[in-house]
Amino acid sequence: MTETKPAPTLLGAGVDRVDGLSKVRGEAPFPSDVTYPRLAHAALVRSTIAAGRISRITTRAAEEAPGVLAVITHQNMPRLERGPATLIGPSPVSPLQDDQVFHHGQYVAVVVAESLQQASAAAELVDVEYEVAAGVFDLDDPRGELRVDPWGSGARRGDVEGALASAEVTFEASYSTAANTNNPIGLFTTVAAWEGDTLTLHDSTQWTANVRTTIAALFGLPEESVRVHAPFLGGGFGAGLRVWPHAVIAAVAAQVTGRPVKLELTRPQMFTGIGYRPATEQTVRLGALRTGQLVALQHHATIAIGIVDENPEPVTLISQSAYACPNVDVRDDERRLNIPPPGPLRAPGAAQGTFALESALDELSYKLGMDPLELRLRNYAEVDAHSGLPWSSNALRDCYAVGAERFGWAQRNPEVGSMREDSWQIGYGVASLSYHWWQVRCEARATIGRDGTAFVRSAANDIGTGTRTVMTQLSAELLGLGLSDVRFDLGDSTMPWSPAAGGSGLTTSLGVAVDDACRSLRGKFLELAVQGPGSPLAGCSSDDVVVSGGRLHRKDDPGVGESYAEVLARHGLDELSADGLGAPPDPAQTGLALSPPFAAKFAEVRIDADLGILRVARLLTVVDAGRILNEKLARSQIVGGTIGGIGQALFEETSFDPGTGRIANATFGDYLIPVSADVGDVDVAFVGQPDPLTPVGTKGVGELGLPGTAAAIANAVYHATGRRLRSLPIAIEQLY
Amino acid sequence: MKIVVALRVNEAAARLSLDGPETLLDALRDQMGLEGTKKGCDQGACGACTVLLDGKRVLSCLTLAAQCDGHEVTTVEGLAPDGGVHPVQAAFIRHDAFQCGYCTPGQIMSAVALLDEGRAGSDEEIREFMSGNLCRCAAYPNIVAAIRDVAGEVASHGADSGV
Amino acid sequence: MAPTPGFEYVRPSSVEDAVATVSGDPTAAYLAGGTTQLDLVLKDRVISPQRLVDITRLPLRGVTRTSDGLQVAAMTTMEELAADPTVTRELPLVREALLSGASTQLRNMATIGGNLLQRTRCRYFRDPTVAACNKRDPGSGCAAVTGHARMHAILGASEHCIASHASDLCVALVALDAVAHLQSMGGLSHVPLTEFYRVPGDRPDRETVLEHGELVTAIGIPLLPPGTRSSYLKVRDRASYEFALTSAAAALVVEHDVIRFARLALGGVGTVPWRAYEAEGILVGAPVSEGAFRAAAEAAVNDPFTVSGTEFKVELAKRTVVRVLQTVARNAS
């Protein structure tokens, strides 16, 4: 008997996506691809004012148009409560409930017809008259209600004012960030089909379970009566974290017409109906010693919010613990405006807050005459300053060191405006970033059947991040199976409960549940394997037995054992299943702070100062996200987020018309997102160790891509030109 | 009055009965069940609906189905018939050139055309001539790598065979 | 608001048939590549012809070299013209303008005739829910002058309309004195492109000299004198696939560091493709110098009309002119 070599680990390796083939063939079914016999189509009518009320709405012409099945307005819409609050904030206000208008683009009617063309044509025949009121659109307009620290997320420690007064060097500046729209390429779509009192929804969501809970509550149904399918999503970037009004309207439309109904948003509707990153104005005040040591850090934000909706957007949260500083004061305020309800978009809060904090640090570094990277190192937080607990894991120093080496930071001439090549001015910039630990309770179930293959599932969502793939890898590793013998499925509300795919939280939440389910299933098999007549492992304790290659065998004699299939056959079982549960660790028990993932971001910009042309030549992100389950996919996420950061930095601004609140650029021709030609060298490196707080060792990857990109770019622009740009996006007119 | 048009889609004859305003995109998706071609903006600005018309890449959302009478349309479903995989599709998987996968069929159709146009000579050229296909997941660097890889295969194959 | 897009689709059998069909029906319109027309009819719902006359099958395709220039049939696509050997060798400003516009997919669809008639990208024009648009609804006002006007025009603009002409190609073509060949019920006529477009004044709805039914059948592009160097420079936020903030097409003949021949036109800043005659006059006879280029730029961006959001284009347009002249002169010397 030859000694079998330990199987190479399935994790960490750059395994290709398990659903890749279906995507490159165009076979992956997105919600907009779902069809039903007798499918009807819905088209929305949106408000053309931003504030006021509907004084009259005339639907007769629309009702009489060819193919029209129903026209629903606030006059005949069933009365619905607001959906229940979720783990990540309140639900949107239910649609079409009264005559009040709070933003341009608000839904005022829906037309259901035999075809989309008929529905769209009839929607134009709905005649709406309004009583227009004065709208409020500017963050600094005092007519808009200012909500001070509405979420109680503000935090203070020490005495900031005292520390600022006695600091050797102080710095203060204000920063602003524009509204940015998620703009996934996939048009958000809900297909709703009733069968008696049960409702099936195919929905563009990042959170299958929440759609079920919310819709069930709104319609007064038991949760089992709502089935939600969301196996694929054409991008969400946070837009799929809520049950937005169109999904509710689709369900009502299907109920009213007695037909399955598809409601696919148009691109302009994607700007007003599914959230977007709100604009912010921020002030940062820093106090430091000449050595660079921070003694005071104050970070206040005012964030745009709609008139009636809610959107917890933790802009200043990152400043609580980012640096070792004894005196800290952070606070998020909100201003209510007549704008479409904002929502999460890629690293909500951190995307805006990191720009201000990391720009301010950079400004302080020049004031101190200190290398900006050195300033950050000197303020490295040895412990979580907010809780006082040691980090569960923190390789931020390695991020700085590896990044500096890989990027060639030493080649940076510290003098502003000193680096040139032909007509290009060159600048290097750096930013540090993190995104808070987010893990919540999650469930999974694992089954191995008579064919010896495993089926593992959870109601989770794979929004393109690779959840299916990494969970297949994780399950295969834990169950001692090859990748092709494991199927991981998700996106179905009948599966065990999972939190949202968002906030860099799913891989850890779900990973721990999958780990638990697989270990438990393996345990059940081990128990059975040593039992019963004919067991080759009879008499072994479970410690003597290991699993590999789909076989349970003696640790000291791999030849002695049997396969999963043989165990099941011997016991006359068709399959064996186990449930898994994952819950977040409790810092009070572990004595460790839940460490966020950390990263350092380096940027090289090239500026043609004569024409104001800015090109981002290089971007490097060095990431400590704990254990990386699949480096290939994790890298893709960081690259994608980083390029999203180029958009935030240079192009993206959702523009509201003064006076009317209409979005002036609600198309892909007018709202610019980065294209291939905008992307130079985008490099990623991973450092750090598995985090010890969970068996999976992950800390979350996705949100580490975008934040800090704009700050690193703006810092590089200053280094190149001496122009300090404190407002995003940075446009040509600020540079030439 | 219905307009009947005859065209070839993925090398098979097809007949469409049209009112007039139907776009090729809607005809493919709704009438022919070819849902691989995606609608991202329906306004000619994102590239998700890219198909080949007589071998050239076009946007099916701004093409009337009626205008395709007598023409040849190739969609992502027609790239590698009979369950095969086109080299560009294989390279996209290998290089992880997508995340959510929604813009992917359009990216792949555009990439196939770009290779045919001889515009994969450098990364810079690939970037420029792929810029009509938006990807919000921003898999751009991996898309460029995938195309470069296929262009290299084609080039080396050409050299080996003395072409 | 436009009525439902229930138009009739027709295919004329000949150019004469097409012209007769559209001329005889005020609700009819030509359909070429579709990249402008279908966007406005089907998607933005700005215009609502009852009949679309598909002219893509008419024998109006191809580029012919004549003794003094190129004759480009109107249904030739942008990609086809960009690939033409004469354009590639002798008219780099045309090739560069073509390839800097749109995407390959759109260039495979969009025709040269259609490009001449490309409508503005002004979002206030393109959104029928915006009431004030003199171009859509004469006399209703202009929402753009108090709106987000970054992409708008500063030359030929007024409080009546600041919509910019979006074409890159036409900037090169007006610099070259290209000529539109028009077919109407009355016969064939020729109009220089520099006279083809109407500066909006108080009638922004009237964009060209075309009468209803008149069809652009070809564009004549005169060749440049031997030894001419030319280029097109487009300044925009994104590195690709975006309309111009500013652009300039220039052609120069330089002998012994003295400019003997000059053509200059601007894009992104004009309500029409903007030929800069006065600047050309300053350049001809001047030495190749920063001073001459700057003087030409000042003359080219003369008497701009700006609103909040477009002020920066005044200086940026001048610098764009200087840069393109520098580039061309460097190649010409």
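Is A:Gly154 buried, partly exposed or exposed? I opened the predicted model with that question. A:Gly154 has a relative accessible area of 28%, so I note it as partly exposed. That value lies between the 20% cut-off for buried and the 50% cut-off for exposed.

**Entry 1: around A:Gly154**

I placed the residue next. Then I listed its contacts, leaving out residues up to four places away in sequence. A:Gly154 touches A:Asp149, A:Val330 and A:Arg331. I looked further at A:Arg331. It is 177 residues from A:Gly154 in sequence, yet the two C-alpha atoms are 4.2 Å apart.

**Entry 2: domains of chain A**

I looked up the domain assignment. Chain A is divided into domain 1 (20-26 + 440-584), domain 2 (37-133 + 182-271) and domain 3 (280-438 + 590-734). I took the pair of domain 2 and domain 3. Their centres, over C-alpha atoms, are separated by 36 Å. How many residues does each of the two put into the contact? I find 25 from domain 2 of chain A and 26 from domain 3 of chain A.

**Entry 3: a cis bond in chain A**

I checked the peptide bond from A:Leu728 to A:Pro729. It is cis, and omega is near -5°. A:Pro729 belongs to the segment after helix H16 (709-721) of chain A. I keep in mind that most peptide bonds are trans.

**Entry 4: chain B**

I counted the elements of chain B. There are five helices and five strands. Along the sequence they run β-β-α-β-β-β-α-α-α-α. I then checked the radius of gyration. The C-alpha atoms of chain B fill a box of roughly 55 × 35 × 25 Å along the principal axes.

Which domains does the assignment give for chain B? I read domain 1 (3-78) and domain 2 (87-160). Their C-alpha centres lie 22 Å apart. Domain 1 of chain B brings 15 residues to the contact, and domain 2 of chain B brings 16 residues.

I also took burial and surface. Of the 163 residues in chain B, 64% are buried. The chain exposes about 5600 Å², and carbon and sulfur atoms supply 51% of that area. For contacts in chain B with a separation of 6 or more, I find that 54% are between residues 24 or more positions apart. I note 13 positive and 22 negative side chains in chain B, with the centres of the two sets 3 Å apart.

**Entry 5: chain C as a whole**

I moved on to chain C. It has 13 helices and twelve strands. What radius of gyration does chain C have? I find 20 Å, which agrees with a compact globule of 333 residues, because such a globule would have a value near 20 Å. Along the principal axes, the C-alpha atoms of chain C take up a box of roughly 60 × 50 × 35 Å.

Buried residues account for 63% of the 333 residues of chain C. I put its accessible surface at about 11600 Å², with 50% belonging to carbon and sulfur atoms. I looked at contacts between residues at least 6 apart in the sequence of chain C; 64% of them join residues at least 24 apart. Chain C carries 33 positive and 35 negative side chains. The centres of those two sets are 5 Å apart.

Most residues other than glycine have a negative phi. I looked up two residues of chain C against that background.

C:Ala102 is not a glycine, and its phi is positive, near 55°. I find C:Ala102 in the loop between helix H5 (92-99) and helix H6 (104-109) of chain C. Its relative accessible area is 30%, so I list C:Ala102 as partly exposed.

Where does C:Asp257 lie? It is in the loop between strand S10 (246-255) and strand S11 (258-267) of chain C. C:Asp257 has a positive phi of about 65° and is not a glycine either. I note 46% relative accessibility, so C:Asp257 counts as partly exposed.

Note on methods
Residues are numbered from 1 along each chain as its sequence is written. Chains are lettered from A and ligands numbered from 1 in the order in which they are written. This is a predicted model: local features need pLDDT of at least 70, side-chain atom pairs count only at pLDDT 80 or more; totals for chains, interfaces and linings use all residues. Side-chain values use heavy atoms; hydrogens and water are left out. Helices (H or I, at least four residues) and strands (E, at least two) are DSSP runs, numbered from the N terminus. The radius of gyration is taken over C-alpha atoms; the globule rule is 2.2 Å times the number of residues to the power 0.38. Buried means under 20% relative accessible area, exposed over 50%, partly exposed in between (1.4 Å probe, protein chains only). Contact means heavy atoms within 4.5 Å. Accessible areas come from the Shrake-Rupley method with a 1.4 Å probe; for residues, only the protein chains shown count as cover. Lys and Arg count as positive and Asp and Glu as negative; His and the chain ends are not counted. The place of a charge is taken as NZ of Lys, CZ of Arg, CG of Asp or CD of Glu. Domain bounds come from an automatic or database domain assignment.
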